[in-house]
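Please keep the sequence and the model in view while reading.

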Amino acid sequence: MSATKLKILKGYDFHCHFRRPVVKTAVELTAECFCGAVAMGNTDPPIAIADDALLYEREIRAALPFGCAFQPIMTIMLTKMTTPQIVIDAARRGIKVVKYIPEGVSVNSKESVALEKLSDYFPVLEAMQENDMVFSGHWESLHDSKGRELEELDREEAAIPFLDKVVKTFPTLRIVAEHASTKKLIDYVRQSPLNLRATLTMHHALLTFCNVCSEPGVITNPYNYCKPIAKTEEDRQAVERAMVSGDPHFFPGSDMAPHPLSAKQKIPPVAGIFCPGKIFVPLMLEIFLANNALQNLSNFYENFGAEFYGLPKSLESLELTQEDWTVPPEYDGIVPFMAGQTLHWKVAD
Ligand code: DOR
Ligand code: ZN
Ligand code: ZN
């Protein structure tokens with residue numbers, strides 16, 4: 001391809017964490033490249049009811065540059081306290097998404113519901129289905145079917161039976177498997193009906209376990225450490241192939257998770273990779289180009305997720321130029337994904 005410039009419509013980021021104390025920076029960096037984003041509710045304390053979500057939306061909107069049309073898509077967390085009434089109230093007040101992280105599996109999930117207990121909350125999922133909400137989940141299990149603790153590498157696959165139960169029980173509930181990182185989950189989503197989709201990150205399309213750990217439990221690069229952890233080369237290739245495939249089951253969700261240096265440098269580090277749009281979008285473009293799949297880029301980035309969520313397409317475009325630039329060592333004290341490395345496309349200012 002000889003083009004040195006490319007104009008595309010802005011898409012949505014279907015998985016973001018706008019976290020204190022860098023809400024403003026995280027929101028600004030996201031709004032540069034996306035027309036809207038799902039603001040995940042696993043804050044501390046969690047976004048548990050509509051009032052929390054609407055207050056959080058105000059904080060996000062206050063961080064936007066004047067006149068910016070960016071659309072925050074708000075969530076409430078499924079916690080042990082969630083009732084069908086809480087979901088009905090949230091839906092009536094414009095909340096579109098219920099966020100799920102099984103208890104103890106990832107950041108800020110201690111008040112959440114364990115995977116093994118999820119079926120106790122099926123009346124809550126029923127209310128989501130009836131009120132046309134999206135159920136967006138982090139599908140990892142800490143234990144195997146015999147209750148033995150699992151290595152991080154095996155946790156996503158172990159959650160598939162729980163996801164399958166939800167998919168089979170709620171045939172019209174819109175369900176998202178966030179940050180799919182294994183061939184097993186990708187294959188499961190691909191053969192599923194279209195009420196189940198998966199979001200994909202750039203880091204799972206680019207990293208394998210050896211870019212994170214020297215052996216299980218020994219993290220050598222905390223800035224590449226997230227949950228679910230990056231896996232084998234076969235898994236990485238499955239993520240990359242799904243991304244460029246043109247299959248509407250898959251759309252972007254960066255899982256942009258800012259954590260301060262102190263939290264990333266402790267042992268073990270907190271999980272989370274900070275991949276804001278100006279890194280995410282050039283990496284995405286490079287992956288589509290490397291796979292000769294530019295014809296599928298706009299569906300992945302602009303269309304599939306927006307259609308699934310029932311969101312309007314953006315009127316704003318984004319210009320990319322083919323030029324080398326170096327990812328800065330930090331944004332507002334947060335070390336980004338690929339810090340110090342050279343990318344070959346740049347989002348025009
Ligand atoms: O690495 C992660 N960080 N994975 C998650 O599931 C949560 C996220 C966060 O909230 O920081
Ligand atoms: Zn997650
Ligand atoms: Zn996340």
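Which side chain meets that of Asp-51 in a salt bridge? The partner is Arg-93, at 2.7 Å from N to O. The model is predicted, and it holds 18 salt bridges.

**The Asp-51 pair**
- Asp-51 sits in helix H2, while Arg-93 belongs to the loop between helix H3 (84-92) and strand S5 (97-100), so named by DSSP runs.
- The two residues are 42 residues apart, and their pair links distant parts of the chain.
- Asp-51 is partly exposed at 44% relative accessibility, and Arg-93 is also partly exposed, at 37%.
- A network of salt bridges links Asp-51, Asp-89 and Arg-93.

**Other salt bridges**
- Arg-20 and Glu-59 join through their side chains at 2.7 Å, N to O.
- This pair connects the loop between strand S2 (11-16) and helix H1 (23-33), where Arg-20 lies, to helix H2 (residues 50-62), which holds Glu-59, 39 residues apart.
- Arg-20 counts as exposed at 60% relative accessibility, whereas Glu-59 is partly exposed with 26%.
- Glu-103 and Lys-80 form a salt bridge of 3.2 Å, N to O.
- Because Glu-103 is in the loop between S5 and helix H4 (122-130) and Lys-80 in the loop between strand S4 (71-77) and H3, their pair ties together parts that are 23 residues apart in sequence.
- Both are partly exposed: Glu-103 at 32% and Lys-80 at 38%.

**Helix H10**
- The 14 residues of helix H10 (residues 277-290) should span 20 Å at 1.5 Å a residue, and the 19 Å between its end C-alpha atoms agrees.
- H10 is largely enclosed by the rest of the structure, because 11 of its 14 residues are buried.
- Among the buried residues are Lys-278, Phe-280 and Phe-288.

Methods. Residues numbered from 1 in each chain as written. Chains lettered and ligands numbered in written order. Predicted model: local features only at pLDDT ≥ 70, side-chain atom pairs only at ≥ 80, totals over all residues. Heavy atoms only, no water. Helix = DSSP H or I, 4+ residues; strand = E, 2+ residues; numbered from the N terminus. Expected span 1.5 Å × (residues − 1). Buried < 20%, exposed > 50% of the residue type's maximum accessible area, 1.4 Å probe, protein only. Salt bridge = Lys/Arg side-chain N within 4 Å of Asp/Glu carboxyl O.
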